[in-house]
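Here is a short tour of a predicted model, topic by topic. Keep the sequence and the 3D view open as you read.

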Amino acid sequence: MALMTLRDVTVAFEGHAAVEHVSLALRRGEYTVMLGRNGSGKSTLMRAMLGLVRPKSGQIRIGDGLRRDRIGYMPQKTQAQRDFPAAVEEVVRSGLINRMGRRVFYTAEEKARALENMRLLGIDGLRKASYATLSGGQQQRVLLARALCAADDLLMLDEPVAALDPEATEGFYSILRLLHTQRGMAILMISHDVRAAVRDADRVIVLDRAVRFDGAREAYAQWRKDNA
Amino acid sequence: MLETMLSYLQYPFMQRALIVGALVSLCAALLGVSLVLKRYSMIGDGLSHVGFCALSVAAAANLAPLVVAIPVVMVAAFVLLRLNERTRVKGDAAIAMFSTTAVAVGAIVISMTKGMGEVSDYLFGKILSLTDSDVAISIALCVAVLAIFIFLYHRVFAITFDEPFARATGTRVGALNTLIALLTAVTIVIGMRMMGTMLISSLIIFPPLTAMRVFGRFRDVSIGAGIVAVFCFLAGILLSSYFERMPAGACVVAVNAAMFVVFSCVGAVLRRR
């Protein structure tokens, strides 16, 4: 059974249908890149998958032990966040709120989980540093660490490398590969970077208000040639 | 000088002003940290203008001011929050329309009933206008705001830093935002009669911004803003009582502005090291 199954899903954005009749399934441990031009409805579809917007029609089912509030979401960056006064560890730990229930403070175990994720992403040395003073690449690692605190099985990333320089982008991709291969994390990433999709992903989805392509990366390379 | 200032403390109206003012300052600062960082500072301004309208209507109808103003401003807070969320692009313009209309209606009502002479009390505040029920409400308000910041601290941080993420991981963002807006409404109604319509939003905006000049951690900004707010209020009101003709609200804002400059300098020095 898939982690998430979409059946004939239509989602509206500001009154207009952003994506129509989408059917697809996300499977455990699969690394999927979702491509598509601006305005193709990628972000809107992802928000619907997360339960942030209600689909106009169709069904989104969750399965295989996934909990909707345990998806590691990394939204597109906002202007307000860039100079937000928060320590790195405060931001990372905020990924733990879905585990808190009615508790008021984080447990030592939860704090250890946050620290472990910061170590994994190489930002544990920055944990007392102010988020606002970090470089774009470091900030993205902080947000990914937060997503990892929230996630058990599935990460959803909305254009995580959009504002990064080539070196930081490569660093970010290698972390995703590590999470995918070593931790068996399923990843759904929205991106404009075709090259990385073809290199790293198990599977590629091309969206343009509807699903134009959905298949393995090898098949995608062929499909691109045919549609060039 | 200090003796003169302390001698004022024996007057009941002064004691009320100190209690209400310090508590309201603290609440406004804590709520302000979240509002300012979410770019919702305009809401405080809008609510104070609606409050002006509500208070003038209450005065004209000979109703208890708080009984009318608190519910009206709460409704306005709810509406303004929705305006800001739904229509992102025109949100600030909508708030400006909303608040200027409220001021116009309030001014018309006052001029027809009490005469425009009273307007300045509404605009710049009057320390004598505080009653025992203000004291009771501000204590209750303060308990509520502190409870939220202690018991829901991590959730307040999460919705302030990143609403979509907080929502996706199961935080009830709408409920918490509404709670913050409603408490902001009460804070403004209580505070505006002392600080004035024109100046009350400074209690929301100044202390968080001042604290952010120096602190880089959300926890430190929150605690720092609370301390700065209470200190600036007490300093401002003592100043105004010493120079008898100075309005208290204006003095408090002036001290806040000075504190902002001081913190900016301290922050600049700290960053250079």
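Helix α2 of chain B and helix α11 (residues 201-214) of chain B pack at an angle of about 70°, with their axes 7 Å apart. Here axes are lines fitted to C-alpha atoms, for helices over the stretch in contact, and angles run from 0 to 180 degrees between N-to-C directions. Helices (H or I, at least four residues) and strands (E, at least two) are DSSP runs, numbered from the N terminus. This is a predicted model, where local features need pLDDT of at least 70, side-chain atom pairs count only at pLDDT 80 or more, and totals for chains, interfaces and linings use all residues. Residues are numbered from 1 along each chain as its sequence is written, while chains are lettered from A and ligands numbered from 1 in the order in which they are written.

**α2(B) with α11(B)**

- The angle makes α2(B) roughly perpendicular to α11(B); angles under 35 degrees count as roughly parallel, over 145 as roughly antiparallel, 65 to 115 as roughly perpendicular and the rest as oblique.
- α2(B) crosses α11(B) in a right-handed way; a crossing is left-handed if the near helix is turned anticlockwise from the far one by less than a right angle, and right-handed if clockwise.
- On the α2(B) side, the residues that meet α11(B) include Val24(B), Ala28(B) and Leu31(B), and among their partners in α11(B) are Ile204(B), Pro207(B) and Pro208(B). Two residues are in contact if their C-beta atoms, placed from the backbone, lie within 7 Å.
- Sorted by class, this contact has 13 nonpolar, two polar and no charged residues. Ala, Val, Leu, Ile, Met, Phe, Trp, Tyr, Cys and Pro count as nonpolar, Asp, Glu, Lys and Arg as charged, and the others, Gly among them, as polar.

**α2(B) with α7(B)**

- Helix α2 (residues 12-37) of chain B also packs with helix α7 (residues 132-151) of chain B, at an angle of about 30° and with the axes 9 Å apart.
- That makes α2(B) roughly parallel to α7(B), and their crossing is left-handed.
- Among the residues making this contact are Arg16(B), Leu23(B) and Cys27(B) of α2(B), and Asp134(B), Cys142(B) and Phe149(B) of α7(B).
- The contact of α2(B) with α7(B) has 14 nonpolar, one polar and two charged residues.

**Gly224(B)**

- You can find Gly224(B) in helix α12 of chain B.
- Gly224(B) counts as buried because it has 23 C-beta neighbours inside 10 Å; a residue is buried if 20 or more other C-beta atoms lie within 10 Å of its own, exposed if 12 or fewer, and partly exposed in between, with C-beta atoms placed from the backbone.
- Leaving out residues up to four places away in sequence, Gly224(B) touches Ala211(B), Val214(B) and Phe215(B).

**Where chain B meets chain A**

- The contact takes 22 residues from chain B and 22 residues from chain A.
- On the chain B side, α8 (153-161), α9 (163-168) and α12 (218-242) each supply at least two residues, and the largest share, five residues, comes from α8(B).

**Inside chain A**

- In helix α6 (residues 136-150) of chain A, 12 of the 15 residues are buried, so α6(A) is largely enclosed by the rest of the structure.
- The buried residues of α6(A) include Gln139(A), Leu143(A) and Cys149(A).
- Among the elements that the buried residues of α6(A) pack against are β5 (71-74), α5 (108-120) and α7 (166-183) of chain A.
- Glu116(A), in helix α5 of chain A, counts as partly exposed, with 14 C-beta neighbours inside 10 Å.
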